[in-house]
Amino acid sequence: MTISTDSDAADHAAASATGTGAATGRNRLTWLLVAAALVVGTALGLGIGLVVPHLRTPGDDSVEAGFLRDMAVHHAQAVEMSMIVHQKSDNPEIVYLANDIALTQHGQIGYMQAWLRDWHLDLTSTRTPMSWMPNSEGSVVNGLMPGMATPEQLAALRQATGKALDIQYLTLMRQHHLGGIHMAQEAQRLAGNDDVKWLAGTMVQSQQGEIKLIDDLLKKAQAS
């Protein structure tokens, strides 16, 4: 029969105490590691949240890319029509309007093409025009986007002179602006890029103002 001595009891107590202390130390270390991991994870999450938005750029099939490509083509026709009238019209008010439209829309083409280059995207696409806009079936007629003049209308504008030139230009540009406003409003609604939304908004605002001026000039031209 083994009899426990005081010395044995003391040794057992010491061992228990040592085990408890070690367990407590391990628990404390575990909590410290967990806390550190949470801090690091939070910091990384914040860092990613700040960096990733700047790394996200619209893709080749995005609303932004489709809108910029289509609107650059749309604008190019407005610039072409405006330059014809700027050179041929005898009406100073209409010459001024044509000059303003040509300069404004040429500048906006520069913005749009610069952004496409920054996103490493082609300035043109093989996709169907207006495919970036949902439910756009029927918006493109004979390859022309909303509001665009036909080749026959452009040829007639080049041949026109005097009052007929002014009326044709104002009529075509009014329709052109209505189509452009529709496209820009859809881009405002659908795009996620703030720069594109801003540019689309400026297009809507400026072209709506120009339509009011066009209406006034049309009345004057038709009454003269």
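Throughout these legends, a residue is called buried under 20% relative accessible area, exposed over 50% and partly exposed in between, with a 1.4 Å probe and protein chains only. The model is predicted, so that local features need pLDDT of at least 70 and side-chain atom pairs count only at pLDDT 80 or more, while totals for chains, interfaces and linings use all residues. Residues are numbered from 1 along each chain as its sequence is written, and side-chain values use heavy atoms, with hydrogens and water left out.

**View 1. The aromatic pair of F67 and W132.** Rings of Phe, Tyr and Trp (its six-membered ring) pair if their centres lie within 6.5 Å, and planes under 30 degrees apart count as stacked, over 60 as edge-to-face and the rest as tilted. Because F67 belongs to helix α2 (residues 63-88) and W132 to the loop between α3 (92-118) and α4 (151-159), the pair ties together parts 65 residues apart in sequence; helices are DSSP runs (H or I, at least four residues), numbered from the N terminus. Both F67 and W132 are buried.

**View 2. The aromatic pair of Y111 and W115.** These rings form a tilted pair, 5.8 Å centre to centre with 40 degrees between the planes. Y111 is partly exposed at 43% relative accessibility, whereas W115 is buried at 13%. Ring pairs link Y111, W115 and W198 into a cluster.

**View 3. Positive phi at M130.** M130, which is not a glycine, has a positive phi of about 70 degrees. M130 lies in the loop between α3 and α4 and is buried, with a relative accessible area of 0%.

Technical notes:
Helix = DSSP H or I, 4+ residues; strand = E, 2+ residues; numbered from the N terminus.
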